Amino acid sequence: MNKYIMPEETVENKTNAEPSFKLNYSTAILLLVILIPAVYTIIVNLQAPTPAPDIKKDQAQQQTQASNTNNSANAIEAALKKVVDKPDYDSYISLGLAYYGAAKYEDAIKAWNKSIELNPKNAIAYNDIAAAYGAISQWDEEIKACEKALSLDPNFTLAKNNLNWAKSQKNKK
Amino acid sequence: MDRIKQSDFLFPFIICSICVWRIFVPQLPANGGLGWDGYSYYQVAVDGFHSSSLTTLLAFRLFPSLLIHAILGISGIAFTPPHVILAFKVMNTVLITLSAMMVRQIFNSYKMDFMSQLTGFVLIFLNYGVLNFTYYYPVMTDTPAFALSIAIFYFFLRGDTVNIFLAGLIGAFTWPILFPMAVALILFPERSATYIPIKKSWQHLLSISCAAYALIAGWYFIFHQGEVPDMAYTLPLNKGMLPVSAICVAVLFFFMPYILFNRSFFDLKYYLRQLNGNRIFAIAIMIMLVLIIRNTMTVNTDSSYFSGYMILKNHHYGFLRPMITVVNHFNYFGCIMLLMILFWRKLSEFISTFGLGVSGSIFFNFVILAMLPESRTLVHLFSWLGILTSVFLSRYRFSSIFYATIIAINFAMAKLWLFFDYDSGNNMLPDGTIGFPHQWFFMHLGVWMTEHVWFYLLIITSLSLLLLILLLYNIKFGRKALLFYKNYEQIHHA
């Protein structure tokens, strides 16, 4: 015999009663959750049958861009200060990242090359340089940098991924 | 004091307060806080239903983003990353609080005493997956999946077919595996299947078959297909430890089918009794709606993660290190994993009384997903297991120190006290990733663990398990041989 379930145990004393098809507050909440995006999507699509400039999206993009620009500028400033205070490998890596974040890829490459001068055996900087070359579609340079990173650290998965990516992009050209 | 203890809002209020606090703690730095998968969800939250970033996988994960898209759109709030991140955090907070309210109702209906309820809430909510990862990496569908799975289970216990239908429909476009689980609960609504064990020979046959499947599948994916962890930073397979890993996987699979050892499930009458035209019609409507909605979406890319082979090949991750899945599930969900190991035989009997819908769904998830060390993929399952384990434990009286230990272990493993250190971000990589040795326990999840983290967690898991065993049993040395006396007693039934 079942030694676990007692009749009064299940929620609202409804043990094994035929399942209810009745509606309740939970049903209303669930329907609301479904209807909000469904109705909104339908209305938005009805209002914009032809592709039109999405002001809200443009505004959002501008805000994002502005926010990113501010963040990037702050990051570069902070990284430069760090380089002045402590000009070591880590500081130049950070500076490169700050430039990378601001889409200043050539400056990023210069910073990472500087970090390589300070620590030539670290594969991360080479992989970072590869990513920067990838961002400006210089696939041959990216491949070289990845290979250098892998020669220093053959198990560097990110560099392997970047190498495959660069090769595939080069072949597409 | 008693009134506070009995209040329906006590635990939900505490959990909601923690969630509100977590909104303001440092989060994942990658992609401006959106993360990697989160970036795709963000794009859907910006573009809506017709987002050009939809993949075959994202098509079945878009509902939370779509809801955010609609709410931000209606409110006239710009779709900037900070707004979308905050919206996800608020949505996650609401969902966790609602989940806590449903769990409280379930616990009340089982007349669980205060200590059992407290332990239950700790097991279900106070873990890394629910209260930490949710806010560390907010733009994800994990929390909606967690809440929906609890809702589906709650409606199942109430016998609310319409609500299972609706929650399952939302689940289909939030966390696809919730859809078959909801269908199973509609199909098998009986909530008190009599437990009569099947014959021992059948039990052994099922268990050995499962263990054999695990080993054969492991061999097939590792040696025949040559599958290796192929994502950045993943832990490579350790072939030296492979025999131990294989034994561990086989042992786990051996115990999995215990949940099906109920003779009711092998009786035709059980199925005929539950056969009902209305429910079959409801399921047909559900499937049709899912297909119709899916076909209205324009999907640009096929996601490789959404193929049957990719899902099945996850199995090989269980062989990377011995007990890697147990270690990860413990790290992510806390003590539920250990309690399941300790009580599995009785707990599986108990779970099987909830019918084939529940047992079958859990077994299906075990076989398909449990070996994937990325525990967050099981967030929908551990919510069920947490509730079932809590209700099961409430039938026994344990020593106070046992409850206290569970709470302490979960508190430690939830890592709410550990904050991400942005200042050590010197190893930030161009894609916004923090170099993994510096991530420590934040993204060291599943296959992305380093050797050290796996080893530390293995030690912690083993010690915690040992501690719970010591608290459960009196181990007597002396004149007699080593004996184990149960240090707990059943309180509801003889």
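Some housekeeping: residues count from 1 along each chain as its sequence is written, while chains are lettered from A and ligands numbered from 1 in the order in which they are written. Because the model is predicted, local features need pLDDT of at least 70 and side-chain atom pairs count only at pLDDT 80 or more, whereas totals for chains, interfaces and linings use all residues.

Let's start with chain A. Its mean pLDDT (the predictor's confidence in each residue, from 0 to 100) is 74, with 71% of residues at 70 or more. Helix 1 (residues 25-47) of chain A has the highest confidence, at a mean of 89, and helix 2 (residues 55-85) of chain A the lowest, at 63. Residues 1-15 of chain A sit below 50, yet in the model they make 32 contacts beyond near neighbours in sequence; a contact here puts two C-beta atoms, placed from the backbone, within 7 Å. Residues 50-57 of chain A are also below 50, with four such contacts.

On to secondary structure, where helices (H or I, at least four residues) and strands (E, at least two) are DSSP runs, numbered from the N terminus. Chain A has seven helices and zero strands; chain B has 21 helices and four strands. Of the 173 residues in chain A, 29% are buried, against 51% of the 494 in chain B. Buried means 20 or more other C-beta atoms within 10 Å of the residue's own, exposed 12 or fewer, and partly exposed in between, with C-beta atoms placed from the backbone. Among contacts between residues at least 6 apart in sequence, those joining residues at least 24 apart make up 39% in chain A and 79% in chain B.

Now for the cores: a nonpolar core is a set of buried Ala, Val, Leu, Ile, Met, Phe, Trp, Tyr and Cys residues joined through C-beta atoms within 7 Å. The largest holds 156 residues, and B:Ile152, B:Ala167, B:Leu178 and B:Ala182 touch the most other members. Helix 8 (residues 142-158) of chain B contributes the most, 12 residues. Apart from this core lies another, of 32 residues, including A:Ile109 and A:Ile124.

Beyond its neighbours within four places in sequence, B:Ile152 contacts B:Ala167, B:Leu178 and B:Ala182, among others.
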